[in-house]
Amino acid sequence: MTVTAIVREPAGAATPAAPGLAARTEGLRKVFRGTVAVDDVNLAVPDGAVLGLLGPNGSGKTTTIRMLLGLTAPTAGHVELFGHRMPEAASRVLPEVGALVEGPGFHPYLSGRGNLFRLAAAEPLLNSRDADRAVSEALDRVGLSDAANRAYKGYSLGMKQRLGLAAALLVPRRLVVLDEPTNGLDPAGTREIRQVIGGLRAAGTTVIVSSHLLAEIEATCTHVAVMNKGVVVAQGPLRELLSDGSSTVDVSTSDTAAAAAVLRDNGFAAQPIPEGLRVELGDRDSAELIRQLVLGGVPVHEATRRRGGLEELFATLTEEERG
Amino acid sequence: MTAITLDGAPSLQPRTAPFGRLLASEIRLLLRRPRTIVALAVLALVPVLIGVGIWAAGGDSGGGPPLFDMLSGNGLLLPLAALMVALPLLLPLTVSMAAADAIAGEANHGSLRGLLLAPVGRIRLVAMKAIGVAAVIAVGLSVLLVFGVLSGWIFLGGNGLITLSGTTLSFVDGMGRVLLAMVLIFTQLAAVGAVALAISASTDHPLVVMAGTLGMLIVFTVLSNISALDWLHPMLLTTGWMSMAADLLRDPLTLDGTGGPLLRAGCYVIIGLGLATVRMLNREG
């Protein structure tokens with residue numbers, strides 16, 4: 001009979017398997033009592049990526065995250081985590097997801113440890129006999145071991161935030177969602193959060209972190225989505241977004257003439273500024289520029305990279321917000 | 001391997017934490033909550049205060065609520081009298097407080113999100129909360145029972161239970177009547193708890209739950225005193241509450257008056273838990 005029907009390509013060869021997506025949204029929209037909070041959000045978060053969700057306050061970041069996690073039902077559109085539809089697949093997907101959303105939420109009269117035990121009881125992936133160890137490790141990881149037995153209501157804002165992070169990290173996760181994790185933290189705390197995110201990334205965990213601070217995102221993320229007024233205005237790998245637009249480096253030097261000569265020889269375009277020269281990088285690397293300058297014997301006091309792309313975009317958005 | 005590359009994700013199985021572990025955690029949380037402990041202490045005080053008062057007055061109860069004039073030398077009646085004193089307000093307050101904290105309170109603290117994200121399925125969550133509220137009722141009634149029996153024995157004395165019919169029941173039979181009263185009151189309070197949970201699942205404010213539940217009971221009491229509305233009385237949860245204890249104190253025992261309250265409580269429990277589940281499934285987490 002029809003023998004040909006049986007012959008077919010090995011699975012996955014005919015259509016190259018799309019890189020796995022930890023999270024995906026399609027046409028996500030949320031309307032609260034006639035106000036459009038989020039509109040047509042299409043996110044694609046690759047497995048293992050650290051996505052920075054960037055945007056001014058009220059831009060729809062938290063609503064988007066709440067819909068991702070099935071806490072809020074979208075008005076339109078849909079969400080997939082690990083290829084499963086949310087919120088229908090919550091019991092399949094959420095055990096693998098750790099989240100800190102809308103700030104930490106705990107029982108005030110329980111200790112930090114007591115609160116984590118409460119959540120540990122609800123964690124599907126945690127064996128009862130491992131709860132003790134998991135809670136202690138999570139407390140340790142966020143630096144709360146010393147305050148673990150104090151009542152939550154006596155915690156500072158930063159400590160509360162750390163406990164929220166500890167809850168998100170109670171068991172090993174495939175996806176960790178952190179909504180403004182550095183709120184209320186001092187600079188040291190912010191650095192620690194970055195280290196935690198770095199550790200997650202190294203372990204192959206996908207991370208979605210929202211922030212209204214560009215510096216935070218830039219230091220920790222591989223991918224960025226910028227939101228404003230409920231819509232995603234830019235999204236992609238951080239490197240691509242940053243290099244969009246012309247990148248220049250301001251070179252501060254006492255010997256402008258020598259610098260100009262070296263740059264001309266190496267094919268860099270430059271124009272004078274008060275401290276020295278502003279150099280167009282084009283598609284080249286700032287490291288190469290500086291190496292050529294130093295090799296050419298130019299005294300370089302300082303080289304500052306001026307970015308276009310994301311920074312400009314974000315500046316425009318936040319200034320608009322203030323105005 | 002193929003399944004992973006084709007879907008872009010391994011097929012995940014639904015997983016959930018053991019229900020017993022969740023329940024243990026919920027009940028531990030409820031019983032460690034300072035306000036629960038205060039409410040239980042107040043409940044324990046009720047029979048002790050009545051007992052001490054009558055003992056100090058030299059056995060003269062000096063009138064008061066029904067049953068009080070029979071208390072002297074009738075210690076086993078004290079848990080029942082205490083129950084009747086606590087039933088209109090103190091017990092519903094304790095129950096609605098537990099139900100208020102169960103969902104609205106957790107939402108208010110933001111800790112409900114943690115449970116939903118764990119995830120605890122929303123229907124399991126309602127089941128866990130309902131059993132938690134039932135546990136608080138059981139513990140509250142047990143406190144009344146234990147302190148009632150003890151202070152009756154210490155302050156009022158007596159052997160067995162003197163009934164309204166004038167006969168004296170043995171200690172075992174008397175105890176049986178007291179336990180029967182506890183079971184009946186449990187069902188009524190479970191109905192109160194179910195209504196409170198339904199409100200709790202609809203709001204983020206625990207006070208709304210307590211005000212709503214107690215308000216409902218107060219309105220019911222008022223309505224039940226209006227004879228023009230007697231067609232409405234069979235639908236009011238509070239109907240028959242006060243006569244229940246008296247019915248249990250007749251010899252021989254007549255259970256004619258208990259069917260109505262039991263049926264009513266059952267209806268309230270079903271409607272309350274049904275509404276709580278529907279509200280929970282549709283609420284924002």
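This is a predicted model: local features need pLDDT of at least 70, side-chain atom pairs count only at pLDDT 80 or more; totals for chains, interfaces and linings use all residues.
**Entry 1: chain A against chain B**

I looked up the contact between the two chains. On the chain A side 37 residues take part, and they meet 32 residues of chain B. I then checked which helices of chain A contribute: α2 (90-93) and α3 (112-122) each supply at least two residues of the side that touches chain B. Sorted by class, that side of chain A has 23 nonpolar, 10 polar and four charged residues.

**Entry 2: α8 and α10 of chain B**

I turned to helix packing. Two packed helices are described by the angle between their axes and the distance between the axes. From α8(B), the contact uses B:R177, B:L180, B:A181, B:L184 and B:Q188, and from α10(B) it uses B:W241, B:M244, B:A245 and B:L248. I sorted these residues into seven nonpolar, one polar and one charged.

**Entry 3: α5 and α8 of chain B**

I also looked up what α8(B) does with α5 (residues 90-109) of chain B. The two pack at an angle of about 35°, with axes 8 Å apart. The crossing of α5(B) and α8(B) is right-handed. Among the α5(B) residues in the contact I listed B:L91, B:P92, B:V95 and B:I103. The α8(B) residues they meet include B:L189, B:V192, B:G193 and B:L197. By class, the contact of α5(B) with α8(B) has 12 nonpolar, three polar and no charged residues.

Methods. Residues are numbered from 1 along each chain as its sequence is written. Chains are lettered from A and ligands numbered from 1 in the order in which they are written. Two residues are in contact if their C-beta atoms, placed from the backbone, lie within 7 Å. Helices (H or I, at least four residues) and strands (E, at least two) are DSSP runs, numbered from the N terminus. Ala, Val, Leu, Ile, Met, Phe, Trp, Tyr, Cys and Pro count as nonpolar, Asp, Glu, Lys and Arg as charged, and the others, Gly among them, as polar. Axes are lines fitted to C-alpha atoms, for helices over the stretch in contact, and angles run from 0 to 180 degrees between N-to-C directions. A crossing is left-handed if the near helix is turned anticlockwise from the far one by less than a right angle, and right-handed if clockwise.
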